[in-house]
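Please keep the sequence and the model at hand while reading.

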Amino acid sequence: MDEARIWDDLTALAERAVGLSDPNPRVACRLVLPDGRAFDGHTQAAGQAHAEVMALRAAQAAGADVRGATAYVTLEPCSHHGRTPPCCDALIAAGVARVVVAAIDPNPRVAGNGLQRLRAAGVVVDTLPDDHPAARATRELNIGFWQRMRHGRPWVRMKVAASLDGTTALPNGVSQWITGEAARTDGHAWRRRAGALLTGIGTVRSDDPRLDVRHVPTARQPLRVVLDSALEIDPAARILQPPGAVIVYTASDPATAAAQADQRAALAALGVTVVDRPGPPKTAGGPPKVDLAAVLADLAAREVNELHIESGAKLNASWWRAGLVDELLLYLAPRLLGTGVGLTDLGPLTRLEDGWPLTFTSVQPVGPDLRVLARVPGRTPF
């Protein structure tokens, strides 16, 4: 069986774990038996079978003997007891003779240990070079997992929809819909990738968004997050309604939290988690704001790999000023809207070199609109 074709198939198969496997990485496995038959599997929901076990089960269901088989896996088989037993042990017990791995697991609990266990058991182990297309595809598909394992925070992706001249809303606040249906559906596919979707209280007040995944099928709803420094959110807001869990981050201190007892009780009755992460005041003498870096640390502790931000210009600017955005997902509509609300409220600069640099990674038509993906240089966690 042609190995290039195997890796193309596995790259596509691993993508089927998007919206399913979080916080576990998206992984695919193919078992190729000595007689040429092949059996595939991809990672299931957290706590359920990983890709290797799914492939082994498929072979078992067909009555196939996998002894002497070669296992092609997009990510190193795990070697620790997490929610499930180690996959390297399952491959060893099944009698697999060779394992070919596209990428080494960045999880410090694995990070080559799975390959060592396989070799110690007499299994032949090969790894693809880092520049192999399948190795690159595995890292890109799991960029948030790499970010959380190596840097202790989620990969932060900011999504914005704008006119060609950068307007995201008219002066009167009208913004629906600047881009077309195809772009909105594509945006929901990017939402599905995320472990959490975040917005601010200003957007909740002005747009009352649901901020869930509706336009594409998904097996799970991402965690929804609201930044609300003064805990002013209306318990009737649509973002607080099912499906999915919600966290509201505030800038409250213990004294303020005590004064918010009724509001907190109302939110708790809805199943909403309120987390206090106060930071310094935005202006001297002003009220404190939510500490954005502390929010990322807390989300990482909750095993969020990718954070998808859809907020207004002011909050967008706060994320950029804090240096916490990794990637910009920008949809541009083929129209000019003139004066209005911009992508961010960063304010005027006096020197071009003071701007925030980005590197284009893709520009692609989506229906009548353009999807632009751009990254902060040097931020990729590989």
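Predicted model: local features only at pLDDT ≥ 70, side-chain atom pairs only at ≥ 80, totals over all residues.

## The nine-stranded sheet

Nine strands make up an open sheet of mixed pairing, and their order across it is β10-β9-β8-β7-β13-β6-β14-β16-β15. Its edges are formed by β10 (273-276) and β15 (359-366), each of which pairs on one side only. Averaged over the sheet and with direction ignored, neighbouring strands are turned by 20° against each other.

Strand β13 (306-309) has a parallel partner in β6, with four bridges between the two, and another parallel partner in β7, with three bridges.

The antiparallel sense is represented by β14 and β16 (residues 369-375), which pair over six bridges. Here Glu327 stands opposite Arg375, a residue of β16.

## Two nonpolar cores

The largest nonpolar core has 31 residues, of which Leu198, Leu227, Tyr249, Leu307 and Trp319 touch the most other members. At least two residues of this core come from each of β6 (155-163), β7 (196-200), β8, β9, α11 (292-301), β13 (306-309), α12 (313-321) and β14 (327-333). A separate core of 28 residues lies apart from it, with Ala51, Ala59, Ala71 and Ala103 among its members.

## Helix α4 and its two sides

Helix α4 (residues 113-120) has Gly114, Leu115 and Leu118 as its buried residues. These three cover an arc of only 95° around the axis, and they therefore lie on the same side of α4. On the other side of α4 are the exposed residues Gln116 and Ala120.

The buried residues of α4 pack against α3 (87-94), β4 (98-101) and β5 (124-127). Just after the helix, Gly122 takes a positive phi of about 90°.

## Annotated positions

An unreviewed UniProt entry places the feature "active site" at Glu52, a residue located in helix α2 (residues 51-61). Glu52 has a relative accessible area of 3% and is therefore buried, the limit for that class being under 20%. Beyond its neighbours within four places in sequence, Glu52 is in contact with Cys29, Val73, Leu75, Pro77, Cys87 and Leu91.

Under "binding site", the unreviewed UniProt entry lists Ala161, Trp177, Asp207, Ser229, Gly312, Ala313, Lys314, Leu315, Asn316, Ala317 and Ser318. These positions span 158 residues of sequence and are also spread in space, with up to 28.4 Å between their C-alpha atoms. One of them, Asp207, is found in helix α8 (residues 201-207) and counts as partly exposed at 36% relative accessibility. Ser229, by comparison, sits in the loop between β8 (223-227) and β9 (246-250); leaving aside neighbours within four places in sequence, Ser229 is in contact with Tyr249, Thr250, Ala251, Ser252, Pro288, Lys289 and Val290.

Asp354 lies in the loop between β14 and β15 and, at 31% relative accessibility, counts as partly exposed. Its C-alpha atom and that of Ala94 are separated by 58 Å, the two residues being 260 residues apart along the chain.

How values were computed. Residues numbered from 1 in each chain as written. Heavy atoms only, no water. UniProt positions renumbered as here; feature names shortened; annotations may be inferred. Buried < 20%, exposed > 50% of the residue type's maximum accessible area, 1.4 Å probe, protein only. Contact = heavy atoms within 4.5 Å. Core = buried A, V, L, I, M, F, W, Y, C linked by side-chain atoms within 4.5 Å. Pairing = 2+ DSSP bridges. Axes fitted to C-alpha atoms, helices over the stretch in contact; angles between N-to-C directions. Arc of directions from axis to C-beta.
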